[in-house]
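Colleague: I want to learn how to read a ligand site and some ring pairs. Can you take me through them?
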Amino acid sequence: MKKIQVQAQVGRAENEVTEVLVLLCCEGASDLAQETAAINAQLGGQLAALIQRGEFEGKLGEGLMVHTQGKAKAKRLLLAGLGKAKDLRLDAFRQALGSAVKRVRQAKVSSFGVVLPGALLEEIPVQDVAQAMTEGAILGNYQFTAYRSPNGSKPVDVERLTIYTAQASVLPQINEGIRRGVATAEATVLVRDLCNHPANVMTPTRIVQEAKAVAKESGVRLKVLEQKDMEQLGMGALLGVARGSHEPPKFIILEYKGAKAKRGDPPVVLVGKTITFDTGGISLKPAENMEHMKADMTGGAEVLATMRAAARLKLPLHLVSILPVAENMPGGRAMRPGDVVKTLSGKTVEVQNTDAEGRLILSDALAYATRYKPAVLLDIATLTGACVVALGQFAIGMFGNNDQLKEQVRNAGMRAGERVWEMPLWEEYFEQLRSDVADMRNIGGRGGGMITAALFLSKFVGDCPWIHLDIASTDWSERERAYLPKGPTGIGTRLLIQFLLDRTLP
Ligand code: BES
Ligand code: ZN
Ligand code: ZN
């Protein structure tokens, strides 16, 4: 799969020579957008007739390819639905372009264009629309074929998307939208790739190699703590989780200082759960769907990809990404239920269930992160099955101790189309985490599983302004959607980058 190049150009629908020209239409619009009137006339009113007859309704994700048979400069037109105008959200543009790019690929065509619908832009800023279209096209085109043998037929890759506007004055905004969209989408592609690779390949050692590649490309500082370093520091929780595996654990720290970020600037610190495979350990998981647990490293992949995007976008901020990396296996030296570990913070934990390993590795990573005295501490993790039960597939679970930060994250999620839903972080729930032998236990019993996991984490963040995102609900898609593949989705990545963009750029 080649990368799609996205570019902006001044032009009108009726003048452009293209293989496929996408025309975006809202549902129930009685007449065509102004941009399409001329091309409709060239086709003898065929487009308007299709809509009037109901052959194309404009439903979100709907598409209809029309061959122009030499009557227009574009070889084919693709009518693409945005849904009802009154419900129009930014995400409709992502979905429309995600569906469109698949139809273009099916037509075995390597480039396509899309006309910016001027009338719709009164409500949504043109830069955001260009960003969303870019994201939709790149993410909708995603395929993971690393392990497929070539089958002889040469695939036709979609290589170029041109966004046309009639107004030269908005070109700078469109170009900025494209720049951001390429960065966020390519970060998501990196996350999907890392999570798609099987766990026999994407081991903790391989994650270090991937982090090295990012550090090299981005010119950011990389520090990797090995097992003996963790022993010296006293990261008993992370070490405990790794004990059952032959793969040694790693603790990865990347640090980026953008322009204008002063030396002493308190950083934004991102922490991502990076379990390369979660068997559950001695508290073994059932066999069904266990292969999904190769994606239990999604949080770590996301903070790594966000680091790369921040550097590519040259964001003027101080950013640290931390990846606690281990494999959770039931080996002969594995932790047993009832074992007590001493965390980096000094607090002791009774491990009643070895499958609740995410909060263990995060407890050490969060305690380590507080040493940076962060302006924001944010962790992201495929943490609990309870998150899937509570929120289904369409919302990320959010917890935090700072209202302003929660609002910022909520807004970033809305803009990115990766929405969060806040859950309570009330101290009352801590009674479920009490242990008879240690400072706390690592499971909270029946009820509120997503909450008790978050509350466990809260005991390791000190008084830092902190956000926890549980992405167990969204990290894996059971079916293909407009711009989501079946399998690892990378959801959360664009939210993180948007959050950083909102903090730094207008
Ligand atoms: N990695 C899982 C959570 C998960 C479940 C992610 C489904 C994605 C999809 C986590 O380590 C886990 O196993 N959590 C346990 C905790 C329980 C033992 C308290 C769970 O949710 O079952
Ligand atoms: Zn687990
Ligand atoms: Zn896990």
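Modeller: Start with residue classes: Ala, Val, Leu, Ile, Met, Phe, Trp, Tyr, Cys and Pro count as nonpolar, Asp, Glu, Lys and Arg as charged, and the others, Gly among them, as polar. This is a predicted model, where local features need pLDDT of at least 70, side-chain atom pairs count only at pLDDT 80 or more, and totals for chains, interfaces and linings use all residues. Residues are numbered from 1 along each chain as written, chains are lettered from A and ligands numbered from 1 in written order, and side-chain values use heavy atoms, without hydrogens and water.

Colleague: How many residues surround ligand 1, and which are the closest?

Modeller: A residue is near a molecule if one of its heavy atoms lies within 4 Å of it. Here 15 residues surround ligand 1, and the closest are Asp278, Lys285, Asp355, Glu357 and Gly385. The shell divides into seven charged, four polar and four nonpolar residues.

Colleague: What describes a pair of aromatic rings?

Modeller: The distance of the centres and the angle of the planes. Rings of Phe, Tyr and Trp (its six-membered ring) pair if their centres lie within 6.5 Å; planes under 30 degrees apart are stacked, over 60 edge-to-face, the rest tilted. The whole structure has five aromatic pairs. Trp426 and Tyr429 are stacked, because their planes are at 25°, with centres 6.4 Å apart. Phe456 and Phe460 have centres 5.4 Å apart and planes at 40°, so that pair is tilted.

Colleague: Are Phe456 and Phe460 buried or exposed?

Modeller: Both Phe456 and Phe460 are buried (under 20% relative accessible area; exposed is over 50%, partly exposed in between, with a 1.4 Å probe and protein chains only). Trp426 is exposed at 52%.
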